[in-house]
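I record here, entry by entry, what I looked up in this structure.

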Amino acid sequence: MKYFLAAVYCKSFSEAAKQCYVSQPSFSLQIQQLEKELGVKLINRGNCNFSLTPAGENFLKPCERIVGDVQNLLQNMQHFAEKSQIPHYIIGCKTGYNVCRLLNVINNMNKHTEMYHLEIVYGDHEQLMLMLKNKEIDMVISEDRKTNDKHLQSKIIEIADLCACVPTTMFPKDKTTLEISDLAHHTCVIISDRAHASQETNYYRDLLNFYGDIFVVRDVPTALTKVIDNQKISFMPVASNSDALFYFQNFTRFLPLIAEKEYLEITYKIFWSKNESNPKIASIANHIVSLMQDH
């Protein structure tokens, strides 16, 4: 019926076929099948003329009404489907954070609620904070970097010891902690994308009070490859809650870092926008904190 109306409006099978995104033979076949099903001829068509038969004239108005009603019904149903879909919220998580525990928490939350669905994306701190500012994501889990951003709300998830990931043969086996001074002549390997490499470098210099060489890579496996490479003595700062401790313990050691007789720590928070009009965001963030701390 839509093809029939297209033919009437265009007064040409070839033009109507283009508008319907089908070939002309397929279009003609559909009109023939419609006429066969109705038992009447609808269109007079020749090389140079196009006209409706009396049956076609009689069929036109009801056809327009029915096709219009169907299109309106489809639009209404699509609108209803959009309104009835559960909302999706996206959590940005700092690369290297406690992935296994977080995934278990998020999967359990998704499993036990039909009110929303949570997704996780991974990235660098600066990258994720920019995405949060641009409303591309709804929450961020990352380190507390002591920013003065008054537009953010946050809650502490956990506090983790900061360790140095080093090759197994770098220090004596009985050494259980490292002073920052022990690493003064080593290369510090950090993870960042190119766009935010300078911010990450400055952050770790301040955090570690480290002024040696810093080498930037894009992901954890590449960073660990650099650490165990004998050509350059390197270490990677890693929080004690990182999954790297489990996956790469056969190749490296993770020794807690000490500065001025105090263990270095990283505070992890979940951040969301203070200007967020949806109160569900804060509720979900608090629920994540509760489950992460109970896990």
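**Entry 1: cysteines**

Is C165 buried or exposed? I found that C165 is buried, with a relative accessible area of 0%; buried means under 20%, exposed over 50% and partly exposed in between, with a 1.4 Å probe and protein chains only. I note that this is a predicted model, in which local features need pLDDT of at least 70 and side-chain atom pairs count only at pLDDT 80 or more, while totals for chains, interfaces and linings use all residues. Residues are numbered from 1 along each chain as its sequence is written, and side-chain values use heavy atoms, with hydrogens and water left out.

I then searched the whole structure for disulfides (pairs of cysteine sulfur atoms within 2.5 Å), and the search gave zero. C188 counts as buried, at 0% relative accessibility.

**Entry 2: H125**

I located H125 in helix α6, which covers residues 125-133. Helices (H or I, at least four residues) and strands (E, at least two) are DSSP runs, numbered from the N terminus. With a relative accessible area of 4%, H125 is buried.

Which residues does H125 touch? Leaving aside residues up to four places away in sequence, I listed K94, S142, E143, R145 and E200; a contact means heavy atoms within 4.5 Å. The side chains of H125 and S142 are also joined by a polar contact of 2.7 Å. A polar contact is a pair of N or O atoms within 3.5 Å; within protein, one must be able to donate a hydrogen and the other to accept it, and residues adjacent in sequence count only if both atoms are side-chain atoms.

**Entry 3: pockets**

I looked up the pockets next. On a 1 Å grid over the protein atoms alone, a pocket is an open set of points with protein on both sides within 12 Å along at least five of seven lines, and lining residues have an atom within 4 Å of a point. A volume is the space filled by probe spheres set on the points, which are joined across faces, edges and corners.

The largest pocket has a volume of about 380 Å³. Its lining has 18 residues, and M129, L132, K133, D149 and L152 lie nearest the centre. Helix α6 gives the largest share of this lining, six residues. By class, I noted five nonpolar, five polar and eight charged residues in the lining of the largest pocket. Here Ala, Val, Leu, Ile, Met, Phe, Trp, Tyr, Cys and Pro count as nonpolar, Asp, Glu, Lys and Arg as charged, and the others, Gly among them, as polar.

The second largest pocket holds about 170 Å³ of space. Its lining consists of D144, R145, K146, Y203, L207, E265, I266 and T267. Strand β13 supplies the largest share of that lining, three residues.

**Entry 4: positive phi values**

Where does K135 lie? I placed K135 in the loop between α6 and β5 (139-143). Its phi is near 60°, a positive value in a residue other than glycine. K135 is exposed, with a relative accessible area of 72%.

I placed K261 in the loop between β11 (252-259) and β12 (262-263). Phi of K261 is near 65°, again positive in a residue other than glycine. At 76% relative accessibility, K261 is exposed.

Terms used:
On a 1 Å grid over the protein atoms alone, a cavity is a set of points where a 1.4 Å probe fits but cannot get out, and a pocket is an open set with protein on both sides within 12 Å along at least five of seven lines; lining residues have an atom within 4 Å of a point.
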